[in-house]
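User: I am new to this structure and would like to learn how to read its strands, helices and chain contacts. Could you take me through them one at a time?

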Amino acid sequence: MSEATTPEFPTVRVVHRSDWGAWLLSLVCIALVATIILAGIRAEIMDVGLFLGYMVSPQILIGAWNALMLGTLATLAAMVVGLIFALMRVSGNPILASISATYVYFFRGTPMLIQLMFWFNAVPIMFDQIVIAIPFTDMVLFQSPTTRVITPFVAALAGLSLAEGAYMSEIIRAGLQAVDTGQRSAARALGMTNRQVLNRVVVPQAARIILPAAGNQYIMMLKSSSLASAIGYLELLRVATDIYSSNFRVVELLAVAAFWYLVMTAFATALQTGLEKAFPHR
Amino acid sequence: MSNSAIRVVDVDKSYGPLLVLKKLRLEVAPGEVVALLGPSGSGKSTLLRCINHLETIDAGRILINGSLIGYEDKGDHLLQLSDRQISAQRRSIGMVFQSFNLFRHMTVLRNVMTGPMDVLGHSREQARTRAMELLASVGLAEKADFYPSQLSGGQQQRVAIARTLAMDPKVLLLDEPTSALDPELTGEVIATIRKLANEGYTMMIATHEMSIASEFCDRVIFMVDGEIVEDSPAQAFFNNPRHERTRQFLARYETNRQ
């Protein structure tokens with residue numbers, strides 16, 4: 001502390017107010033959480049040994065792996081679908097734009113679970129055979145009954161990707177529109193074609209803007225993969241359900257599933273943080 | 001003047017009901033440096049953006065070194081060229097923007113390399129060597145690995161000029177190159193532009209900076225409401241403006257300066 005140089009104002013301590021209300025509220029929160037945990041322990045809702053045993057059981061691990069794969073592939077596919085529909089939306093062509101808007105409305109406006117069941121049940125009725133042939137010739141490249149092609153995994157992947165694609169397309173559209181129009185002008189003035197402007201300037205900049213929101217959607221998608229249990233895909237929740245419906249250890253198995261979802265979320269969060277660090281805002 | 005570097009013939013341009021350019025007509029000789037003056041909204045920027053076909057035109061034609069820009073002459077009509085053809089034409093028309101518009105996700109060096117590499121197909125080494133030469137010539141070689149956001153406005157604009165020069169343009173269009181800069185930073189950019197003028201580049205400079213127009217432009221074109229009011233050699237423009245509207249415009253600048 002420096003010496004007082006002005007006689008009428010001696011150097012004194014500066015005291016700032018503390019926010020006692022926030023500290024009080026923190027104590028209340030801790031007390032509430034402790035009460036809930038204590039109630040759980042007192043009621044012995046869970047056999048910890050059983051919980052730890054199931055946590056690393058092969059069935060559960062396969063389920064967790066399947067969930068991770070389904071969620072990841074669906075997110076990647078949704079990004080491609082979303083990019084296509086976002087580009088249609090900003091294309092300036094009224095028909096493409098309305099098709100895109102309608103897609104977003106339908107797929108964002110109906111529950112994912114309904115969409116999954118639709119793909120799994122209705123499509124094989126609508127198309128009993130899937131045939132890939134060269135038009136105007138008799139050459140058939142691929143032919144198979146639809147029920148054999150639309151496995152639970154395929155239906156889940158298609159359903160989740162299309163539903164998620166609707167959300168992604170809105171996120172990507174916002175990202176594309178957030179790129180300053182001057183960047184496009186400068187790229188075109190350099191002689192870049194529309195495609196080059198998109199690939200070299202607009203998409204890289206939009207990707208950085210989209211990243212936080214896309215990471216959020218990835219985390220949601222990892223958990224939405226549990227919806228595939230409804231159409232018989234052996235993902236984490238389905239495996240856990242199958243086990244507890246025979247041994248009735250509901251809490252342990254739900255806790256095991258929750259644990260692995262948390263691990264996946266931690267992985268996705270780390271991935272997102274890493275990407276954000278690798279591509280800082282410029 | 002049939003061998004004009006830039007020729008604008010009876011160009012009309014409107015945004016909806018608003019006529020921005022009205023039967024505009026001008027020529028710029030090779031090596032000539034022309035200042036475009038006029039109040040905001042007089043159509044200066046629009047004119048420059050039409051010249052490299054960043055904006056379409058409604059009537060008339062624009063020629064650079066004798067070749068029609070943006071359209072193909074089909075006798076009874078002009079047909080807009082394809083994206084690829086227009087892009088090819090823009091390679092030889094450099095443009096510098098008021099807001100610099102450096103690519104934010106690229107380093108300074110990459111900004112200057114991207115045109116030659118990605119558009120002209122030059123090798124990485126060739127593009128890098130040329131980019132470093134250009135950055136040195138605008139005095140920013142030591143900033144090569146910085147990102148645009150780490151540079152001052154004046155430095156960004158000098159990089160933007162280097163990026164444009166990397167394409168070896170035949171003509172340069174500068175759209176209010178100093179308008180977004182703090183007054184103490186305009187000097188470095190003006191010095192860079194003056195150097196280009198001395199090197200013989202054909203330039204059109206839309207500006208509100210009288211020192212650009214008076215110190216090194218050969219000619220001044222004064223626009224109001226999408227029409228050319230006065231088109232005179234720079235000295236005559238400032239010393240004996242012919243039109244009342246020009247005198248009013250110049251008088252306002254004089255009072256502002258005092």
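Analyst: Let us begin with a pair of strands, where strands (E, at least two residues) and helices (H or I, at least four) are DSSP runs numbered from the N terminus, and two strands pair if DSSP finds at least two bridges between them. In chain B, S8(B) and strand S9 (residues 171-175) run parallel and are joined by four bridges; B:Val96, for instance, has B:Leu174 in S9(B) as its bridge partner. This is a predicted model, in which local features need pLDDT of at least 70, side-chain atom pairs count only at pLDDT 80 or more, and totals for chains, interfaces and linings use all residues. Residues are numbered from 1 along each chain as its sequence is written, while chains are lettered from A and ligands numbered from 1 in the order in which they are written.

User: In what order do the six strands of the open sheet lie in chain B?

Analyst: The order is S8-S9-S10-S3-S11-S12, with mixed pairing, and the edge strands, each pairing on one side only, are S8 (93-96) and S12 (227-233) of chain B.

User: How many residues does each chain give to the contact between chain A and chain B?

Analyst: Two residues are in contact if their C-beta atoms, placed from the backbone, lie within 7 Å. Chain A gives 18 residues and chain B gives 22 residues, and on the side of chain A that touches chain B the largest share, seven residues, comes from H9(A).
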